[in-house]
Amino acid sequence: MLPLICLDVDGTLVGSAGAPSEGLWAAAERARQRGQRLTLCTARLAAGPTRDWAVRLDPEGWHVFHTGGARWNPGTGEVRTTPLGDDAVAHCASVAAANGWVFEAYSWDDYVVDSDARLARDHAGLLGLPFVRRPLATLADPVVRVQFVVSVAEAPAALAAAPAGTVASGATSPIMPGAVFVSVTVAGVSKAAGVAAVAEDLGVGLERVMMVGDGHNDLPALESVGWGVAMGNAEAEVRAASRFVVADVDDDGAADAIDRSALLG
């Protein structure tokens with residue numbers, strides 16, 4: 001039995017229905033009853049339904065947000081973050097303005113977007129949060145991640161826009177087809193680093209960790225653990241890098257991966 005299972009959100013836990021299925025929650029409950037830990041590992045922030053899903057997945061475990069820029073343990077209330085520098089935030093804001101891209105800035109559990117664009121409004125809906133246009137100065141806590149929300153055609157330029165000392169990664173969601181979410185975090189921050197930190201806290205070797213994902217930003221984490229699992233809807237390079245492939249997100253592939261983890265070691 002694998003002691004730690006890490007799960008991406010968009011395209012893994014959440015498909016076209018916009019929320020995890022009851023089959024997924026049943027599989028998670030079986031895993032907890034076996035003594036396994038489950039970790040949400042996402043580019044999203046710890047707010048709205050995403051925060052609730054983390055608590056329901058494992059109320060006593062660590063969860064990774066902002067592609068590794070923040071970790072939160074709902075059982076203890078502890079938060080660990082890696083903030084972005086002010087210069088990097090200002091650079092990304094300037095690049096976004098020059099290109100007409102939607103620009104979002106995030107603390108560990110809040111975010112601001114100073115745009116009325118359709119992509120900005122749609123993304124708030126995807127996150128299950130009310131759309132409120134706010135300037136950057138209203139974000140109370142340190143910025144851990146900024147994000148460009150762009151079209152597929154604009155994604156390569158957005159990925160290349162990350163300034164020195166930072167790293168960019170892209171993600172998509174079946175809820176917003178045609179949009180790409182390009183996250184910028186401090187260099188060294190990644191889902192792989194977040195998973196490694198959780199495993200270290202639990203005293204679990206990475207060879208005994210499962211990571212389930214579907215997108216480009218999941219790839220380093222999938223390659224870093226002993227059991228990388230691709231969803232049936234995963235990108236081709238993700239499928240190629242995984243130990244095995246499960247069903248599509250809308251066919252409860254993540255629930256299957258959780259159940260299969262009981263037979264692995």
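Ring pairs join F65, W72 and W108 into a cluster. Two rings of Phe, Tyr or Trp (for Trp, its six-membered ring) pair if their centres lie within 6.5 Å; planes under 30 degrees apart are called stacked, those over 60 edge-to-face, and the rest tilted. The model is predicted, so that local features need pLDDT of at least 70 and side-chain atom pairs count only at pLDDT 80 or more, while totals for chains, interfaces and linings use all residues. Residues are numbered from 1 along each chain as its sequence is written, and side-chain values use heavy atoms, with hydrogens and water left out.

By the ring rule, the count is 5 aromatic pairs. The pair of F65 and W72 is tilted, with 6.4 Å from centre to centre and 45° between the planes. F65 is buried, at a relative accessible area of 0%, and W72 is buried at 6%. Here buried means under 20% relative accessible area, exposed over 50%, and partly exposed in between (1.4 Å probe, protein chains only).

Two arginines lie over ring faces. A charge sits over a ring if NZ of Lys or CZ of Arg is within 6 Å of the ring centre and within 35 degrees of the ring normal. R145 lies over Y106, 4.0 Å from the ring centre, and R243 lies over W227 at 3.7 Å.

The backbone also deserves attention. H66, a residue other than glycine, has a positive phi near 55°. H66 belongs to the loop between β3 (63-65) and β4 (70-73), where strands (E, at least two residues) and helices (H or I, at least four) are DSSP runs numbered from the N terminus. H66 is buried, with 0% relative accessibility.
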